[in-house]
Amino acid sequence: MPEQPELSIQGWGATGPDADAERAGAAAIAAALPKAARRYLARELGWSPRPTPPVAVTDIRLAPSRLSEAARLRLVAVLGADNVHTDRESRLRRAGGKSYLDLLRRREGDASDAPDAVVSPGTTEETSALLAACGELGVVVVPFGGGTSVVGGLAGIDPDDRPSVAVDMGRMASVRALDVPSSLVTAGPGLRGPALEEALAGSGLTFGHLPQSWEFATLGGYAATRSAGQASTGVGRFEELVAGLTLATPSGVLELGHPPASAAGPDLLSLALGSEGTLGVITELRLRVRPRPPSSSYEGWSFRSWAAGLAAIQQLARHDLLPDVVRLSDPDETRATLLMAAGTGARALRATQRARGHGQGCLLVVGWQGIATMVRARSRSAASLLRDGGGIRMGRRVGESWKKHRFQAPYLRDTLMDAGLLVETLETAATWSALPTVYDAVRRALRESLTRDGRRPLVMSHLSHGYPTGASLYVTVLADRDDALPIQQWLAAKRAATDALLTAGGTLTHHHAVGADHRPWLEREIGPLGVEILRAVKERLDPQGICNPGVLIPD
């Protein structure tokens, strides 16, 4: 298995400040954003691009490891010297995730959430022995896959301030078995999406789970956070694709899931999915795969308004005609998307929208995968309903453009942060009846909390991941950054938006998970008794409380 690439320490693709930061920052912005987009952002946000590069990686502050020499030697005895690391780079590369707040801290030179050591078990047995040792030593354990958490899922916060280790899953990153007749693959938790697809391709199979973090995120991370991919409307969310898994806990090993189906009591597999490392470490997954689709079709549509687009997609859901990929951008995101797409194609698209009375309209991207005859039949049936809802077909160029650029947003965020912008996302889900109210409430909360001194944020939203009963709502926020108090600026906005979406009927999260960021609000979604149940399970499986204690379960 080839070595898997790592994310950079201070961003998604950034490698650190240039010697001439101002000139480099201006050049990067010019390369990343067409002139029309730069003008638009400056006008909308009251933003003047300015160089705000990260500190040099060598200047990041990292406290000495608190892991005692006796504890280190105990871990070496379990895993071997090559699999226990306390050096600076190993610890920095596993310091937190990739949320806006994570990146702000790292860019400012703060690595206070770095683990005291990085350990790499290679089997379920080694993981069990590691958990036993850490329980005896009083060392906190934080599973680490690709490091792409955007909700503080890797902070290693411990109320007792015990030493912590990041459990890097990189040694468990292989396909272990492939059962083609049963459409099942058994794989390690450290395997990344591209590597899994490469391993399945030779058998004509695919897994098809493609979140925006696909290049770096791991199967174990998908399971621990109940991930959703860009084609989850058709393929299913990650938890729907898990037939079974192995969970190593401080109290023993759980083998969960019995395909194809079982009615032997409550499904304990669902308890492990979404547990975010609080109950133990996932060491193996059994996943449902499918034939690689021989045909696909992606295309764009335009609607006069957000309400019209929502109504049309709701009709698709009601008639069981939802595409595999569905993404409806609101007017603000549509405008920004078209301004970002420089060239004659984007100009022609904007002209067509204006000519058809959709000048302030919404762009819909839909995609189908499968046997060619089925793709044609599904797309034609959906097109009939979309036209009935007032949609205008904009052609395949729009859909193919989205497909080509769908993993680029995190890289662009690095560049925008270098130029003084706040760039963050949040997400929720709601029923079709509640979705318009949730949309309005979140936008209002973000605008009110981030408007200051005549400057206002740009709040862009899109619907994705459709269901018969509703859909998810994904929100991207751009604002001129408060250079004096950047962390407090976003924390205030996040609190306002989360309170607003919950009050309006949205879920706390649709696919980013709970982590540390959403933890204070979990009780509002699952109730006090629900929290008590999670605490009881954790106490039974993790009596010393060493497994990622700072996330998911409120104190």
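## Buried rings, cores and backbone exceptions

Trp12 counts as buried, because its relative accessibility is 6%. Buried here means under 20% relative accessible area, exposed over 50% and partly exposed in between, with a 1.4 Å probe and protein chains only. This is a predicted model, in which local features need pLDDT of at least 70 and side-chain atom pairs count only at pLDDT 80 or more, while totals for chains, interfaces and linings use all residues. Residues are numbered from 1 along each chain as its sequence is written, and side-chain values use heavy atoms, with hydrogens and water left out.

**Aromatic pairs**

The structure holds 6 aromatic pairs. Rings of Phe, Tyr and Trp (its six-membered ring) pair if their centres lie within 6.5 Å; planes under 30 degrees apart are stacked, over 60 edge-to-face, and the rest tilted. Trp12 and Phe216 make an edge-to-face pair, at 5.6 Å centre to centre and 90° between the planes. This pair links distant parts of the chain, 204 residues apart. Trp12 sits in the segment before α1 (21-32), and Phe216 in the loop between β7 (205-206) and α8 (219-225). Helices (H or I, at least four residues) and strands (E, at least two) are DSSP runs, numbered from the N terminus. Phe216 has 7% relative accessibility, so Phe216 counts as buried.

Trp214 and Phe407 form a stacked pair, because their ring centres are 5.6 Å apart and their planes lie at 20°. Here too the pair links distant parts of the chain, 193 residues apart. Trp214 is in the loop between β7 and α8, and Phe407 in the loop between α15 (396-405) and α16 (409-418). Both Trp214 and Phe407 are buried.

Phe207, Tyr222 and Phe238 form one aromatic cluster. Phe238 lies in the loop between α9 (232-235) and β8 (242-249). Its relative accessibility is 0%, so Phe238 counts as buried. Setting aside neighbours within four places in sequence, Phe238 contacts Phe207, His209, Leu219, Tyr222, Ala223, Ser227, Leu285 and Leu287. Contact means heavy atoms within 4.5 Å.

A charge also meets a ring. Arg94 lies over the face of Phe144, 5.9 Å from the ring centre. The criterion is NZ of Lys or CZ of Arg within 6 Å of the ring centre and within 35 degrees of the ring normal.

**Cores and helix α17**

In soluble globular proteins, nonpolar side chains tend to be buried together. A nonpolar core is a set of buried Ala, Val, Leu, Ile, Met, Phe, Trp, Tyr and Cys residues joined through side-chain atoms within 4.5 Å. The largest such core has 75 residues, and Leu364, Leu446, Leu463 and Trp490 touch the most other members. Beyond its neighbours within four places in sequence, Leu463 has contacts that include Trp306, Leu310, Ile313, Val326, Leu328, Trp432 and Leu435. A second, separate core of 41 residues includes Leu200, Ala223, Leu269 and Leu541.

Helix α17 (residues 435-450) has 16 residues. At 1.5 Å a residue α17 should span 22 Å, and its end C-alpha atoms are 23 Å apart, which agrees. The expected span is 1.5 Å times one less than the number of residues. Among the buried residues of α17 are Leu435, Val438, Tyr439, Arg443 and Leu446. Their cover includes α11 (306-318), α12 (331-340), β16 (421-431), β17 (458-466), β18 (470-480) and α18 (486-504).

**A buried aspartate**

Asp324 is in the loop between α11 and β13 (325-329). At 8% relative accessibility, Asp324 counts as buried. Its side chain reaches the backbone nitrogen of Gln369 at 2.7 Å. Not counting residues up to four places away in sequence, Asp324 touches residues including Gln230, Ser232, Thr233, Trp368, Gln369 and Arg378.

**Backbone exceptions**

Most residues other than glycine have a negative phi, and most peptide bonds are trans. The table lists exceptions.

| Site | Value |
|---|---|
| Pro259 to Pro260 | cis peptide bond, omega near 5° |
| Asn548 | positive phi, near 35° |
| Leu552 | positive phi, about 65° |

Pro260 is in the loop between β9 (252-256) and α10 (269-272). Asn548 lies in the segment after α19 (522-541), and Leu552 is found in the segment after α19 too. Asn548 counts as buried at 2% relative accessibility. Leu552 counts as buried at 8%.

How values were computed:
Polar contact = N/O pair within 3.5 Å; in protein donor to acceptor, adjacent residues only side chain to side chain.
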